[in-house]
Amino acid sequence: MSEAAAKKGFGEKPQPKEERRKFQAIKGTRDLLPPETALWHRVEQIAQEVFASYGFGEIRLPIFETTDLFARSIGLETDVVSKEMYSFEDRDETSISLRPEATASVSRAYLENGMQQLPQPVKLYTIGPMFRRERPQKGRYRQFYQIDAEVLGGSDAPAIDAELIEMVMKFFERLGLEGVQLDINCIGDKKCRPIYVERLRAELRKVKDRLGPDSQRRIETNPLRVLDSKLENEQKLIEGMPHIAEHLCEECAENYRGVKKELELRGVKYRENWRLVRGLDYYSRATFEITAKGLGSQNAVCGGGRYDGLMELLGGPPTRATGFAIGEDRLILSLQEAGKAPAPQGRDVYIAWMGEKAYATAIRAAENLRAAGLRIELPPAEQKFGKALGQADKLRARYALILGDNEVASGQWTLKTLATGEQIKLAESHLVDFLKGEKAKADPSHRSG
Ligand code: AMP
């Protein structure tokens with residue numbers, strides 16, 4: 001062991017009096033275990049299929065970036081940057097942060113990799129963990145997962161926003177997500193929004209005394225966020241505030257009408273919600289949020305919208321862009337609440353072998369059956385017959401393949417169906433075909449070998 005490792009305590013002998021320390025996952029993080037991970041896998045696979053059908057390609061990004069990237073793109077005064085980022089100093093004193101979202105990184109990657117040279121727009125998606133130091137509760141974690149899609153370059157054609165929304169709605173439909181509600185709004189651009197924000201601020205100041213401390217603070221820092229308030233006693237006051245729709249410049253108003261028309265053309269049902277604003281500063285124009293059933297107060301499963309101003313903030317040329325982020329944890333929770341989780345999968349075959357000769361045969365059988373796409377358990381040590389069948393049952397195996405001296409000598413193997421106790425004899429050469437046929441009958445999606 002190196003001296004450095006020794007200093008850090010690796011390989012130290014446990015002190016006799018020291019209490020054994022139990023390690024636990026950090027608050028707000030959790031392990032995702034089988035069989036639940038099968039549902040995560042399915043969700044991600046369907047995302048990949050649906051997104052590919054719209055021409056999106058996958059981008060894989062670093063988990064950490066310089067703090068400045070997020071501070072610049074998300075805004076220093078947002079909760080995400082000011083309170084929730086996991087930031088630390090690297091050994092060369094650079095400030096680094098675990099990513100709280102993906103859009104900033106995707107935009108950086110677009111510029112850094114010269115993707116402006118590609119045919120525009122560039123359509124990218126990415127799936128992975130994000131980190132925010134929020135107060136954990138159901139559907140809210142400190143390490144959570146997002147499925148993120150971005151359309152970069154291109155124009156401000158309403159069809160781009162509408163197709164993106166159509167894509168995420170199709171994805172939810174394929175998953176069978178229940179109670180899906182799409183809300184849309186237009187939050188103006190850098191020309192008209194500041195005028196509205198000032199107007200809103202002035203109106204909010206008039207009722208300041210009747211608002212809670214968070215909203216009072218936000219009147220000065222980010223008045224749009226006051227519209228987000230869920231506090232019961234603030235609702236009436238907020239309802240009386242001016243609506244952004246009445247303050248949009250003609251270009252934004254025209255663009256918003258276009259987005260709604262395009263959604264209608266695509267048969268996507270939406271609800272207009274003038275109070276829908278995005279917590280992040282770089283958003284402009286069409287903004288949307290999707291909620292789903294079974295999630296309690298944290299019921300937003302997807303948030304998105306246009307962010308035409310971001311690339312310039314990052315030192316790039318003016319670049320149109322729009323995108324969304326799906327909260328994968330919440331999506332999974334909603335599917336589970338609706339009973340959409342796939343049944344846990346057992347083994348197809350448990351190989352109950354006895355004797356050294358049978359072991360060599362069992363290894364060969366396992367190899368052939370696995371190559372045919374079957375889930376096989378080959379116990380590492382010889383077991384008594386009864387114990388082997390007990391194990392096979394616990395692993396919810398469908399069949400036990402019994403291999404003893406007799407089977408090896410005769411070349412006729414015994415296959416026992418565990419649910420019925422029925423036994424048949426099969427030649428080795430027929431076994432793979434028989435089992436593949438049975439599996440295809442039970443699960444029609446498993447046809448190929
Ligand atoms: P945002 O990046 O804030 O626009 O969030 C997009 C989506 O990510 C939200 O609609 C949530 O579904 C999900 N999300 C955001 N923060 C968390 C969190 N702390 N835990 C779980 N999901 C989250």
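The model is predicted, so local features need pLDDT of at least 70 and side-chain atom pairs count only at pLDDT 80 or more, while totals for chains, interfaces and linings use all residues. Residues are numbered from 1 along each chain as its sequence is written, and side-chain values use heavy atoms, with hydrogens and water left out. The protein is divided into domain 1 (36-192 + 248-337) and domain 2 (349-437), with bounds that come from an automatic or database domain assignment. The C-alpha centres of domain 1 and domain 2 lie 49 Å apart.

- Helices (H or I, at least four residues) and strands (E, at least two) are DSSP runs numbered from the N terminus, and buried means under 20% relative accessible area, exposed over 50% and partly exposed in between, with a 1.4 Å probe and protein chains only.
- Eight of the 10 residues of H12 are buried, so this helix is largely enclosed by the rest of the structure; the buried residues are Glu328, Asp329, Arg330, Leu331, Ile332, Leu333, Ser334 and Leu335.
- The cover over the buried residues of H12 includes helix H2 (36-53), strand E5 (122-131), strand E6 (143-152), helix H6 (158-175), strand E10 (300-306) and strand E11 (321-327), where contact means heavy atoms within 4.5 Å.
- Serine 334 lies in helix H12 (residues 328-337) and counts as buried because its relative accessibility is 2%.
- Not counting residues up to four places away in sequence, serine 334 touches Leu177, Ala292, Lys293 and Leu295, and its side chain reaches the backbone oxygen of lysine 293 at 2.7 Å.
- That distance can be set against the definition of a polar contact, a pair of N or O atoms within 3.5 Å; within protein, one must be able to donate a hydrogen and the other to accept it, and residues adjacent in sequence count only if both atoms are side-chain atoms.
- Just after H12, glycine 339 takes a positive phi of about 70 degrees.

**Helix H3**

- Six of the eight residues of helix H3 (residues 67-74) are buried, so H3 is largely enclosed by the rest of the structure.
- These buried residues of H3 are Thr67, Leu69, Phe70, Ala71, Ser73 and Ile74, and they pack against strand E2 (64-66), helix H4 (79-82), strand E3 (87-89), strand E4 (95-98), helix H5 (103-112) and H11.
- Just after H3, glycine 75 has a positive phi of about 105 degrees.

- Leucine 164 is placed in helix H6 and is buried, with a relative accessible area of 2%.
- Leaving aside neighbours within four places in sequence, leucine 164 is in contact with Phe56, Val151, Phe288, Thr322, Gly323 and Phe324.
- Aspartate 348 lies in the loop between H12 and strand E12 (349-353), and at 10% relative accessibility it counts as buried.
- With neighbours within four places in sequence again left aside, aspartate 348 is in contact with Leu374, Arg375, Ala397, Arg398, Tyr399 and Lys439.

**Pocket and cavity**

- On a 1 Å grid over the protein atoms alone, a cavity is a set of points where a 1.4 Å probe fits but cannot get out, and a pocket is an open set with protein on both sides within 12 Å along at least five of seven lines; lining residues have an atom within 4 Å of a point.
- The second largest pocket has a volume of about 640 Å³, and it is lined by 30 residues, of which Asp189, Lys190, Arg193, Tyr283 and Ser284 lie nearest its centre.
- Helix H7 (193-206), strand E9 (284-291) and helix H11 (310-313) are the elements that give two or more residues to the lining of this pocket, and H7 gives the most, with four residues.
- The structure holds one cavity of 30 Å³ or more, and the largest cavity is lined by Ile165, Ile184, Asn185, Tyr256, Val259, Ala286, Thr287 and Phe288.
- Strand E7 (181-186), helix H10 (250-265) and E9 each supply at least two residues of the lining of the largest cavity, to which E9 gives the most, with three residues.

Terms used: Points joined across faces, edges and corners; volume = space filled by probe spheres on them.
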